[in-house]
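Biologist: Could you bring the model up on screen, so that we can go through it together?
Modeller: Here it comes.

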Amino acid sequence: MTQDLKRLKRIGWGVRSVFALGISASLAGNVLHAADNVISQAISAWSPVALLLAVELISRIPARRGALSAVRLGATAVIAGIAAWVSYWHMVGVAVICSST
């Protein structure tokens, strides 16, 4: 039983590491592509941070009711979709700028 628990904890840390790496890459790409001022960079950094916060909230707060659980999952999916859309186009912009230099 303890071997299974140790293995599951290692897998959990691996998943967290991959998620953190993805958030970091998205954050870096968004900030790199933003205009050269603090306001633009903060706004572009918000979508990956919002995704991180939504995933943390959904994983840490228990939901007992079916409808609330579905709303919570739906809201997280919407936030993830927005973060993916914004980050994708920022990464495309970074790739275009890097390939043209």
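Biologist: What is the handedness of the crossing where H1 passes H3?
Modeller: H1 passes H3 in a left-handed crossing, a crossing being left-handed if the near helix is turned anticlockwise from the far one by less than a right angle, and right-handed if clockwise. Before we go on, this is a predicted model, in which local features need pLDDT of at least 70 and side-chain atom pairs count only at pLDDT 80 or more, while totals for chains, interfaces and linings use all residues. Residues are numbered from 1 along each chain as its sequence is written, and side-chain values use heavy atoms, with hydrogens and water left out.

Biologist: At what angle do H1 and H3 pack?
Modeller: The angle between H1 and helix H3 (residues 66-100) is about 60 degrees, and their axes are 8 Å apart; helices here are DSSP runs of H or I with at least four residues (strands are runs of E with at least two), numbered from the N terminus. The axes are lines fitted to C-alpha atoms, for helices over the stretch in contact, and the angles run from 0 to 180 degrees between N-to-C directions. That makes H1 oblique to H3, given that angles under 35 degrees count as roughly parallel, over 145 as roughly antiparallel, 65 to 115 as roughly perpendicular and the rest as oblique.

Biologist: And how do H1 and H2 pack?
Modeller: H1 and H2 pack at about 165 degrees, with axes 8 Å apart, and therefore H1 is roughly antiparallel to H2. In this pair the crossing is right-handed.

Biologist: What about H2 and H3, at what angle do their axes cross?
Modeller: The axes of H2 and H3 cross at roughly 155 degrees and come within 9 Å, which means that H2 is roughly antiparallel to H3. H2 passes H3 in a left-handed crossing.

Biologist: Changing topic, how many salt bridges does the count come to?
Modeller: The count comes to one salt bridge, under the rule that a side-chain nitrogen of Lys or Arg lies within 4 Å of a carboxyl oxygen of Asp or Glu. Arg 60 and Glu 56 form a salt bridge through their side chains, at 2.8 Å from N to O.

Biologist: Where do those two sit relative to each other in H2?
Modeller: Arg 60 and Glu 56 are about one helical turn apart, because they are separated by four residues in helix H2 (residues 38-60). Arg 60 is exposed, at 59% relative accessible area, whereas Glu 56 is partly exposed at 31%; buried means under 20% relative accessible area, exposed over 50% and partly exposed in between, with a 1.4 Å probe and protein chains only.

Biologist: Which residues make the nonpolar surface patch?
Modeller: Leu 8, Ile 11 and Val 15 make that patch, of about 280 Å². Patches are made of residues with over 30% relative accessible area and no salt bridge, where like charges are joined within 9 Å and nonpolar side chains (Val, Leu, Ile, Met, Phe, Trp, Tyr) within 5 Å. The accessible areas come from the Shrake-Rupley method with a 1.4 Å probe, and for residues only the protein chains shown count as cover. Ile 11 lies in helix H1 (residues 2-33) and is partly exposed, with a relative accessible area of 43%.

Biologist: Back to H3, is Ser 87 buried or exposed?
Modeller: Ser 87, which is in helix H3, counts as buried at 9% relative accessibility.

Biologist: How far apart in space are Val 86 and Leu 68?
Modeller: Val 86 and Leu 68 are 27 Å apart, C-alpha to C-alpha, and 18 residues apart in sequence. Val 86 is in helix H3 and is partly exposed, at 27% relative accessibility.
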